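Here is a short report on one chain. Look at the strands, a helix and the cores.

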Amino acid sequence: METKFIANFVNNICKLKQYEFDIIEKITGIVAMNTFGVYRGTERYSSLLFDKVTLLAHDCDPNTSREIVEDEVIVNGILKKLPAIQIIATRTIECGEVISIYYTKVSENVYDRRKYLKKNFYFDCSCSRCVKELMENIKIKQ
């Protein structure tokens, strides 16, 4: 999601000049970091925001998987099919353990995963899998 494009759209096309460009850009960035893409083939055609799912942590060895599904809901008396998300435990989650999902392709190597997360989510992954793989690579190089 191009935050400058959206901020420009809100300010100039929608004529909502009462909002500062920087504030709109920041809000757009926050929303972009918390949405899930919906794809047709390789083309992203929509973004979905699920408020509870945004609370889940990232891990390169997550204890859940996710799936976008259709859910039937009644809106103003009309049955509609809307996108929903299912979070499925992929292993036993111990009491007190953080529930985690992946933000990147977990099949990638540690360097590519961390590069993607830094570029797209603005953090350096320090999950146990990344730390372990980085330490193994340091030992190999020595």
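β4 and β5 form a hairpin with two residues between them. Asn76 in the turn has a positive phi of about 50 degrees. The two strands run antiparallel and are joined by 12 bridges; strands pair if DSSP finds at least two bridges between them. Ser65 has Ile88 in β5 as its bridge partner.

This is a predicted model: local features need pLDDT of at least 70, side-chain atom pairs count only at pLDDT 80 or more, and totals for chains, interfaces and linings use all residues. Residues are numbered from 1 along each chain as its sequence is written, and side-chain values use heavy atoms, with hydrogens and water left out.

Helices (H or I, at least four residues) and strands (E, at least two) are DSSP runs, numbered from the N terminus.

| Element | Residues |
|---|---|
| Strand β4 | 64-75 |
| Strand β5 | 78-89 |
| Helix α3 | 110-121 |

The buried residues of α3 are Val110, Arg113 and Leu117. Buried means under 20% relative accessible area, exposed over 50%, partly exposed in between (1.4 Å probe, protein chains only). They pack against β3 (57-58) and α4 (128-141). Lys115 and Lys119 are exposed on the face of α3 turned away from its buried side. Just after α3, Tyr122 takes a positive phi of about 65 degrees.

The largest nonpolar core has eight residues, including Phe36, Leu48 and Ile101. Such a core is a set of buried Ala, Val, Leu, Ile, Met, Phe, Trp, Tyr and Cys residues joined through side-chain atoms within 4.5 Å. Apart from it lies another core, of six residues, among them Cys60 and Val110.

Technical notes. Expected span 1.5 Å × (residues − 1). Contact = heavy atoms within 4.5 Å.
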